[in-house]
Amino acid sequence: MTATGSLPLNPIEESLASLPHRVAMCADSARGLASDFVWDAQDAYLFDVDGTLLRSADRTHVDSFAEAVEQVTGDTISLDGVTLHGGTDTAILAEAFARSGVNFGTLETHCAAILERMAEIVETRRTELRFRRMPGVLEILKWLQAKGALLGVATGNLERIGWTKLEACGLHGWFALGGFSDRFPVREELVGDAAERARAMLGRSQARVCVVGDTPRDIEAARANELAVIAVATGNYSFDELERLKPEVCCSSLTALMEWRR
Ligand SMILES: [Mg+2]
């Protein structure tokens, strides 16, 4: 990506094409997990967005936090030092407020207006959004849909921002439901809510729901809800870092996972 103001590509992304394809099953006898988990035979999948389905190559979403706060409250906040990867927009906003020393009461008073403004900023600039779709995304969505799986997203993005990104990337049509951070600043809760809705849509309370994500937080959120998880090392965490957390499956990319299927 060469757009002005582009975020630097992370080293993992830059070398994705040349990385060896790796896939590992991570049976964990301590938790009593079965080692015969079949990654493409689950009833529903909840895909994380950033680092899993796509990567932003512009600062529109990142900059929308400070811009919205400035426009709504007149305060200046910074995202410096705030962990963005795996975080939720609502939690990132709260942490940025805390780090910037702005009165927390200001956030409580204006939170809804700030989130609304953030969504408006990203939607207004939708034509400026630059993304890279992660390798193997279309192939895996097509494969899982053909197998009859229900496909959804579970992301820390605000709902309007998440759908705007997916639409800009040509991916929104694949997903029947989404879990977002508008009502759930904690990822565990938004994943749990999305899983519950997926099961309701399927009409089966015991339907097997699998999370697909690129960070330890995706794995933790799946575990907190007793869901299986496929970790994919196309974000800011390496294969080895993710594998250590023992997701059911760890893969270097979704392409590697699809090839492993054969
Ligand atoms: Mg992510």
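The following legends describe close-up views of a predicted model.

In this predicted model, local features need pLDDT of at least 70 and side-chain atom pairs count only at pLDDT 80 or more, whereas totals for chains, interfaces and linings use all residues. Residues are numbered from 1 along each chain as its sequence is written, and side-chain values use heavy atoms, with hydrogens and water left out.

**View 1**
Helices (H or I, at least four residues) and strands (E, at least two) are DSSP runs, numbered from the N terminus. Two strands pair if DSSP finds at least two bridges between them. Strand 2 (residues 44–47) and strand 5 (residues 150–154) run parallel and are joined by four bridges. Leu-46 has Gly-152, in strand 5, as its bridge partner.

**View 1**
Axes are lines fitted to C-alpha atoms, for helices over the stretch in contact, and angles run from 0 to 180 degrees between N-to-C directions; contact means heavy atoms within 4.5 Å.

**View 2. Buried residues of helix 8.**
Pro-216, Asp-218, Ile-219, Ala-221 and Ala-222 are buried in helix 8. Here, buried means under 20% relative accessible area, exposed means over 50%, and partly exposed lies in between (1.4 Å probe, protein chains only). The cover over the buried residues of helix 8 includes helix 7, strand 7, strand 8 and helix 9 (239–243). After helix 8 comes Glu-226, whose phi is positive, near 55°.

**View 3. The magnesium site.**
Asp-48 (OD), Asp-50 (O) and Asp-214 (OD) coordinate the magnesium ion at 2.1 to 2.2 Å. The spacing of these donor residues in sequence is D-x1-D-x163-D. Asp-50 belongs to the loop between strand 2 and strand 3 (54–56), and Asp-214 to the loop between strand 7 and helix 8, so this pair ties together parts that are 164 residues apart in sequence. Asp-50 is partly exposed, at a relative accessible area of 27%, whereas Asp-214 is buried, at 3% relative accessibility. Donors are N, O and S atoms within 2.8 Å of the metal (3.2 Å for Na, K and Ca); water is not among the atoms, so sites may look incomplete.

The structure holds 16 salt bridges, each defined as a side-chain nitrogen of Lys or Arg within 4 Å of a carboxyl oxygen of Asp or Glu. One of them joins Arg-160 to Glu-123, with the closest N and O atoms 2.7 Å apart. Arg-160 lies in helix 6 (residues 159–168) and Glu-123 in helix 4, so the pair ties together parts that are 37 residues apart in sequence. Arg-160 is partly exposed, at 29% relative accessibility, and Glu-123 is partly exposed, at 24%. Glu-167 forms a salt bridge with Arg-126, the closest N and O atoms being 3.5 Å apart. This pair links distant parts of the chain, 41 residues apart: Glu-167 is in helix 6, and Arg-126 is in the loop between helix 4 and strand 4. Glu-167 is partly exposed, with a relative accessible area of 42%, as is Arg-126, at 36% relative accessibility.

**View 4. Arg-125 and its contacts.**
Arg-125 is placed in the loop between helix 4 (104–124) and strand 4 (131–133) and is partly exposed, at 25% relative accessibility. Residues up to four places away in sequence not counted, Arg-125 touches Thr-60 and Glu-67. Between the C-alpha atoms of Arg-125 and Thr-164, which are 39 residues apart along the chain, the separation is 9.9 Å.

**View 5. Further salt bridges.**
Arg-183 forms a salt bridge with Asp-193, the closest N and O atoms being 3.7 Å apart. Arg-183 lies in the loop between strand 6 and helix 7, and Asp-193 in helix 7, so the pair ties together parts that are ten residues apart in sequence. Arg-183 is exposed, with a relative accessible area of 61%, whereas Asp-193 is buried, at 18% relative accessibility. A network of salt bridges links Asp-43, Arg-204 and Arg-208.
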